[in-house]
Amino acid sequence: MIPIYICEDDEMQRNKIVACIKDYITIEHRDMRILLATENPTKLLNASKKKKEPGLYFLDVALKTQIINGFELAKEIRKNDPRGFIVFITSHSEMSYLTFTYKIEAMDYIIKDDYENIRQRIIECMESVSKRIKNHGNKGKYLTIKIDDRIIHEPLENILFIETSPRAHKVILHGRNRQIEFYGKLKDMESELDERFYRTHRAFLVNKDHILEIDRSKGVAHMVNGEKCMVSTRKIKGLKK
């Protein structure tokens, strides 16, 4: 899931941005969600620190009631989320050069003029982020899953293990914060994942980084979240102690 954050001190403008984003997510079935829409930059920074996925940030430049402006906020965001996508939305076109002064890599600089133009530019940014994640150059960083008309990009670091489902032709992905059941085969999953993942059993594909302990006598791998994965006798040797 791609988390979205909005910092805009004008309530009416903030509500319009929120509505535009929600409509796009619903219509296009994107794996995105607004985690916070606020006028307070401190709240946004605190919220972004809790997520490991790269976020998409829509920031007002002139935060009238705050002690920092949008550029300073973006600079702080970069410390927590260096791979995040930052979009400035502002009435001050003459300040765009400051993105270079603050050394901020901004995805876009949207001027508050015609609402239809703002809406279209926001949608274009969201489409671009979705495509960048899907076609990310570092193969294996995300696992792309299609469920009906919905496309999910799940970071590999968030996947604990994948197991075959009791439902025919389906597998279940066990993540840090959610489980996802979808059509697929473990054999096909292996080619899409990286060296962190190991086929411990015909029914389990495990992220070795999330193994807490291996009980060799019982053929079980205890995961960091308390769940257990089966390990066949001939596969135990392939696991590091």
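Me: In which strand is D60 found?
Reply: The model is a predicted one. In it, D60 belongs to strand β3, which covers residues 56–60.

Me: Is D60 buried or exposed?
Reply: D60 counts as buried, because its relative accessibility is 3% and the cut-off for buried is under 20%.

Me: What does D60 touch, leaving out residues up to four places away in sequence?
Reply: With those left out, D60 touches C7, E8, D9, G70, I89, T90 and K112.

Me: What does UniProt list for D60?
Reply: An unreviewed UniProt entry lists D60 as "modified residue: 4-aspartylphosphate".

Me: Changing topic: where is E163?
Reply: E163 lies in strand β8, residues 159–164.

Me: With which side chain does the E163 side chain make a polar contact?
Reply: Its partner is the side chain of H174, at 2.7 Å. H174 is also among the residues that E163 touches, a list including V171, I172 and L186.

Me: Now to β9: how does it pair with β10?
Reply: Strand β9, residues 170–175, pairs with β10 in the antiparallel sense over five bridges. The two form a hairpin with three residues between them, and K170 has Y183 in β10 as its bridge partner.

Me: Which residues make up the covered face of β10?
Reply: I180 and F182 make up the covered face, while Q179, E181 and Y183 are on the uncovered one.

Terms used:
Residues numbered from 1 in each chain as written. Predicted model: local features only at pLDDT ≥ 70, side-chain atom pairs only at ≥ 80, totals over all residues. Heavy atoms only, no water. UniProt positions renumbered as here; feature names shortened; annotations may be inferred. Helix = DSSP H or I, 4+ residues; strand = E, 2+ residues; numbered from the N terminus. Buried < 20%, exposed > 50% of the residue type's maximum accessible area, 1.4 Å probe, protein only. Contact = heavy atoms within 4.5 Å. Polar contact = N/O pair within 3.5 Å; in protein donor to acceptor, adjacent residues only side chain to side chain. Pairing = 2+ DSSP bridges.
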